[in-house]
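Please look over the sequence and the model below before reading on.

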Amino acid sequence: MTQPIVETRGLEMRFALPTHFLSREKPVLHALNGVDVSIQPGESFCVVGESGCGKTTLGRAIMGLLAPSAGEILFRDQRIDTMDERMRKPIRAEMQMVFQNPYASLNPRRNVFDTLAEPIRHLLPDTPAAEVREQVESVLAATGCDPSWQRRLPHEFSGGQRQRIAIARALVTNPAFIVADEPISALDVSIQAQILNLLTDLQADRGLTYLFITHDLSVVEHFGSRVAVMYLGQVMELAETQAIFAQPKHPYTRLLLEAIPKLEGGSFDKPRTPGELPDPVNLPVGCPFAPRCPLADARCRAERPKLRTLANGTQAACHHTE
Amino acid sequence: MAMLEVQDLHVAFPRGKRDEVEALRGVNLHLEKGERLGVVGESGAGKSMLAFAILNLIADPGRVSGGRVMFHGENLLDLSERGIRGIRGNRISMIFQDPMVTLNPVLTIGTQMIETLKAHRKISDAEARKLCIERLKQVAIPSAESRMDAYPHELSGGLRQRVVIAIALLTDPELIIADEPTTALDVTIQAEIMALILKLCRENDVALILITHDLGVVAEVTERIMIMYAGLCVEEGRTQDIINAPRHPYTAGLLKALPQKAGRGQRLYQIPGSMPPITALPPGCAYNPRCEFAADRCRATIPPLAGGVACFHPLQEEEAAS
């Protein structure tokens, strides 16, 4: 493998919760429990999982929006989580983010030009004004936005148009790496395809690397090169997209795949075991999926399985897969 | 006589002092006992408006400006507030998207359930409690007796939605109207809840109107579908017929745009543009600016719903398949 563009090593994230005034306990929420991923340049690395699995926390930690409790984050072999802000600024220009809800991620009182110029002004302050204007116009054109939008405010645009503007903002500093956190989930069905196509085109034109965070496996199947399936702050399975859909190894991955509604119908007729995510404050000792897992035995409840590489190249954290 | 027959239903909202805009522009619907109908559309298409109008729940300043809602031959729109209360929440139940909005946060689950039951039945507290526990068990809520004393915030999202379904079933309704019942839930929980709704409808011969934007969910659960666009039904028919051979270009576009329809890394089919707001509808067919088959006639006249499709150039079977 070539040199990864982004890598995490043993990444952990813990959040202290408010303490009850009569209690001595200090509850801690474990959002990430030792996540190792390495993202290759030019790929679309997808992270899937249900709410509370830590997928958004992972994206935010990589972007430096949250400081990890333990572990390392590397960008082109350089450790960035401990870097001071002055050193990190030019690296922030290389790493940008697109958020889920374009109604929340754009400042309602700032026009499109100022929204797009802000990252350059802040991260690359030496850029001359003329170049800023040029760059804003070029990313607007690249994302299918009309140049006349520059003086308009976010409320004048539809959801799909806003998400294009948010993508343009992420591109304006010419980044190499983009974290897209559920970028199409808030959009209407007919608009989702437009935005996915835009992301595909931009990747082809600019050689972008994506970390694509989503709960929707059918999007992953179409869009991803590799997938990490997360559950309660851990990677349960990590594999090439084709492998994960053809031969899902982890019981949780299989559960997720079975839950996708199918156009031909029939999959809601099968009996299914009701399940809930365990409490991320009081994590089970063994495998976090054991309480819902049909294969769970005494070992699963006692010992947390580590991610290991199987014969077909898939990595899975399960005592029962081969 | 059909159980529910909606005829030429119009809903209007004031615009300025004299003018009005129509959110529903003449919708027809019929539903037999025990039948499951999906209503599909993007946000703003009028699908929730249809549900509210059926139960005469359109809030000021909106109003039902025309049409009839015949339930067992009786027009629900003519009933007094007292009269409709005998039907709403009793013979017709509703399930909304967000269970936290439906449930009262300061009352226990038991209190809310017993209250609902006693509003519609002459029943003793002890009997009501027994029936409520039975319903909670029916929707697979573990330790139902103790959950009766729990508050909504003590339950997970999936359990809350189960409670809402249990409440909807309390009065043995003939029809359940479910408005995006699983949109706020995770995929695996969505599969469980939809499987539960499907099973309960089948077992108790309850009719269902399922409002959703998700074609996969509709395919799994319903027998017939109605596709809505800008306040009108543009296509209706048997679910599998429409999914296999859509005849309206909009339906065909929606289906073609699904990520599972394209190979990995390929561009998706995309419908250009977005749905016009009801305040700025084009003359003629509302879909004409986005439609590849639009002709002069489409830009002048609204196509009537004929043979299950409201289009002057409906697709033939071989076209739809390609």
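Leaving aside its neighbours within four places in sequence, which residues is Arg247(B) in contact with? In this predicted model, the residues that Arg247(B) contacts on those terms are Glu235(B), Gly307(B), Val309(B), Pro314(B) and Leu315(B). Arg247(B) itself belongs to the loop of chain B that runs between α10 (239-244) and α11 (249-256). With a relative accessibility of 31%, Arg247(B) counts as partly exposed, because that class takes in values between 20% and 50%. His313(B) stands 66 residues away from Arg247(B) along the chain, and yet the C-alpha atoms of these two residues are separated by 8.7 Å.

When residues up to four places away in sequence are not counted, Glu180(B) touches Lys47(B) and Gln97(B), together with Ile211(B), Thr212(B) and His213(B).

Both of these residues fall within a span that carries an annotation in a record. For chain B, UniProt lists the feature "domain: ABC transporter" at residues 4-255, in an unreviewed entry; over that span the chain is 39% helix and 27% strand, and its end C-alpha atoms are 28 Å apart. For chain A, UniProt places the feature "domain: ABC transporter" at residues 17-257, again from an unreviewed entry, and here the span is 41% helix and 22% strand, with end C-alpha atoms that lie 33 Å apart.

Within chain A, helix α1, which covers residues 55-63, is mostly covered, since seven of its nine residues are buried. Those buried residues are Lys55(A), Thr57(A), Leu58(A), Gly59(A), Ala61(A), Ile62(A) and Met63(A). After α1(A) comes Gly64(A), a residue whose phi is positive, near 80°.

How many residues of each chain take part in the contact between chain A and chain B? On the side of chain A there are 41 residues, and these are in contact with 48 residues of chain B. The area buried between the two chains is about 3500 Å², and carbon and sulfur atoms give 55% of that area. Of the area that chain A buries against chain B, 23% is supplied by His222(A), Leu263(A) and Phe268(A), which is more than any other three residues supply.

Polar and charged groups also meet across this boundary, where the count is 16 residue pairs in polar contact, both residues at pLDDT 80 or more, and one salt bridge. The salt bridge joins Asp201(A) to Arg267(B), whose closest N and O atoms are 2.6 Å apart. In chain A, the helices α7 (189-206), α8 (217-223), α9 (241-246) and α10 (251-259) each supply at least two residues of the side that touches chain B, and the largest share of that side, nine residues, comes from α7(A). Sorted by class, the side of chain A that touches chain B has 13 nonpolar, 18 polar and ten charged residues.

Methods:
Residues numbered from 1 in each chain as written. Chains lettered and ligands numbered in written order. Predicted model: local features only at pLDDT ≥ 70, side-chain atom pairs only at ≥ 80, totals over all residues. Heavy atoms only, no water. Contact = heavy atoms within 4.5 Å. Buried area = accessible area lost by both parts, 1.4 Å probe. Salt bridge = Lys/Arg side-chain N within 4 Å of Asp/Glu carboxyl O. Polar contact = N/O pair within 3.5 Å; in protein donor to acceptor, adjacent residues only side chain to side chain. Helix = DSSP H or I, 4+ residues; strand = E, 2+ residues; numbered from the N terminus. Nonpolar A, V, L, I, M, F, W, Y, C, P; charged D, E, K, R; others polar. UniProt positions renumbered as here; feature names shortened; annotations may be inferred. Buried < 20%, exposed > 50% of the residue type's maximum accessible area, 1.4 Å probe, protein only.
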